[in-house]
Amino acid sequence: MNQNLSSLIWSTADDVLRGMFKPSEYGRIILPFVVLRRLDCVLEPQKDKAHELYEKYKKDLKDPTSVIQGQLKLPFFNYSKYDLLRLKSDPNNVFKNFENYINGYSKNVLNIIENFQIDPLVTKLNKNKKLYLLIDKFTEFDLHPSKIDNHQMGSLYEELLRKFSEMSNEESGDHFTPRDIVKLLVSFVFGGDKENLQGEGKIRSVYDPCCGTGGMLTIGKDWIKENINKDLKVELFGQELNDVTYAICKSDFLMSDENPENIQGPLSSLSEDQFPDRKFDYMITNPPFGVSWKSEENFVKQEEKDSNGRFSVGTPRTSDGSLLFLQHLISKMESSGSRIGIVFNGSPLFTGDAGSGESEIRKWIIENDWLECIISLPDRMFFNTGITTYIWIVTNKKSSDRKGNVQLIDGTSFSTSMRKNLGDKGKYINDEQIQQLFEIYQGNKENEFCKIYPNNFFGYTKIIVEQPLIVDGDMKKDKHGNPKPDTSKRDTERVPLSESIDYYYDREVKSHLPESWMDRSKDKIGYEINFTKYFYQFTPLRSLEEISSDLKTLDDEIQKLSLEMTNE
């Protein structure tokens, strides 16, 4: 339904906007008008009363907002006598009246509309005599909550954003996460902590530092209500950098009885954290993949110098800031225990050698026993990329049976093909497959889809191996008869933390290079997670007999076909 409606809205707007705007600019007009139409539909039953109350109190009260909201029992209102439908009654003054309509919104809505930055676009529409026509088109869509509930509305925003992203060559994955992925992630984050979510009178907080349109937060809350505790009070918090998605998220919260003040932006969570002293019970997010943080490097590097800062253990290379978001979330874990679910590509698993920022971050997380589980997802799950992705579950309150270990789940085969691709997304994980993966997680037992390793399994010591340089059969030595270090050949070895370095060196190196030695002063501890290697299954090569038999069969078939052609 949402796909059909989004296509209808897009094509209807295209009839008006074509030739005046580039298709890549459509989203900047369509998305705010969808929000305005949704606001109109929500406010319509009390529209006249809001105008009457404003006219009644405007002379006596400098700001009658609280009085109007109190009597309407709504968190927002519009006191002008216009909405999109009523603007059509005066075509000759539509531009002036549109301004009056926008300015009639309560301040909390004005803040949202400002982030859409529609003023120059509306001016251009009016100048080309298309503003009335666009308003007329949008009044054809009934977006009242009785027709389209909040979840359907969220899906509509996301589908329009996907179209917008495709047209402008932006990364649609920066704006929202496919809902099947969200359902899988929240089932692991919340389903793995049911006891803490049960009971009466409890309040739990959920935070997303890259909240986009807010879908991950609202789906997470609904999952808790539907599967664990319908009476639990769940407070949602988020921050978003993109101005349009921030505005959509805030408006959606305003219309769905969530607290819009808990959504902050449009600002970066890394350099402009709006919840600096806040801790959260649960944190769920899909940070942008492989996006540079060069523009925030000065701030991040400065905080890295602070021993109590979020990034004090190190920072990844500036070309990919994914791990910065995980460090940010870890800094917000409650001392009593929090759970984090985050979507990554493969880079945070293995990028960076021992001593690098990425390796130091992995070391910090694993040695603190915070990494609980990693789930590999099928390829072609996202709208903007076909690569394999992973969900990390990180917590500072592991259950006793999980302490000291990391669970790896191979979920690459748990998918269903879509009838029609949406961008790069050609697969989805259905509800039954989500449940199967969760049961594998919950069982916490090794099988063909699950491996469990102790924390130190992922660590290694990178050692420096020196060996003398032989020139014309002569070994270069110092005055004491020892090989000169500056004329040595240098190599490295990775020794698993579970092994003795001396034993490994004698067995793997010394036996082959008797003149070599180790420079232990340069030892470095590194961590990496070679996920694919752990689940690799060797497929034996076919025997020569099988290949010969197949070739003979093919040869016989060719000869038979040749005879048939000759006889014809």
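**Exercise 1. Determine how many disulfides the predicted model contains.**

Solution. A disulfide is a covalent bond between the sulfur atoms of two cysteines. The criterion applied here is a pair of cysteine sulfur atoms within 2.5 Å. For Cys450, the closest cysteine sulfur belongs to Cys373 and lies 7.4 Å away, too far for a bond. By this rule the count comes to 0 disulfides. Cys450 has 0% relative accessibility and therefore counts as buried (buried means under 20% relative accessible area, exposed over 50%, partly exposed in between, with a 1.4 Å probe and protein chains only). Cys41, at 7%, also counts as buried.

The model is predicted: local features need pLDDT of at least 70, side-chain atom pairs count only at pLDDT 80 or more, and totals for chains, interfaces and linings use all residues. Residues are numbered from 1 along each chain as its sequence is written, and side-chain values use heavy atoms, with hydrogens and water left out.

**Exercise 2. Describe how helix H2 packs with helix H14.**

Solution. Helices (H or I, at least four residues) and strands (E, at least two) are DSSP runs, numbered from the N terminus. Axes are lines fitted to C-alpha atoms, for helices over the stretch in contact, and angles run from 0 to 180 degrees between N-to-C directions. H2 (residues 26–43) and H14 (residues 243–255) meet at an angle of about 10 degrees, their axes being 11 Å apart. H2 is therefore roughly parallel to H14 (angles under 35 degrees count as roughly parallel, over 145 as roughly antiparallel, 65 to 115 as roughly perpendicular and the rest as oblique). Residues in contact (heavy atoms within 4.5 Å) include Leu31 and Val35 of H2 and Val244 and Ile248 of H14.

**Exercise 3. Identify the residues with the most contacts inside the largest nonpolar core.**

Solution. A nonpolar core is a set of buried Ala, Val, Leu, Ile, Met, Phe, Trp, Tyr and Cys residues joined through side-chain atoms within 4.5 Å. The largest has 67 residues, and Leu17, Ile30, Val34 and Phe98 have the most contacts inside it. H2 supplies the largest share of this core, 12 residues. Apart from this core lies another, of 44 residues, with Cys249 and Cys373 among them.

**Exercise 4. Locate Gln117 and Arg380, and state the phi of each.**

Solution. Gln117, not a glycine, has a positive phi of about 50 degrees. Gln117 is in the loop between helix H7 (107–116) and helix H8 (119–127). Arg380 has a phi near 55 degrees and is in the loop between strand S6 (371–376) and strand S7 (390–395).
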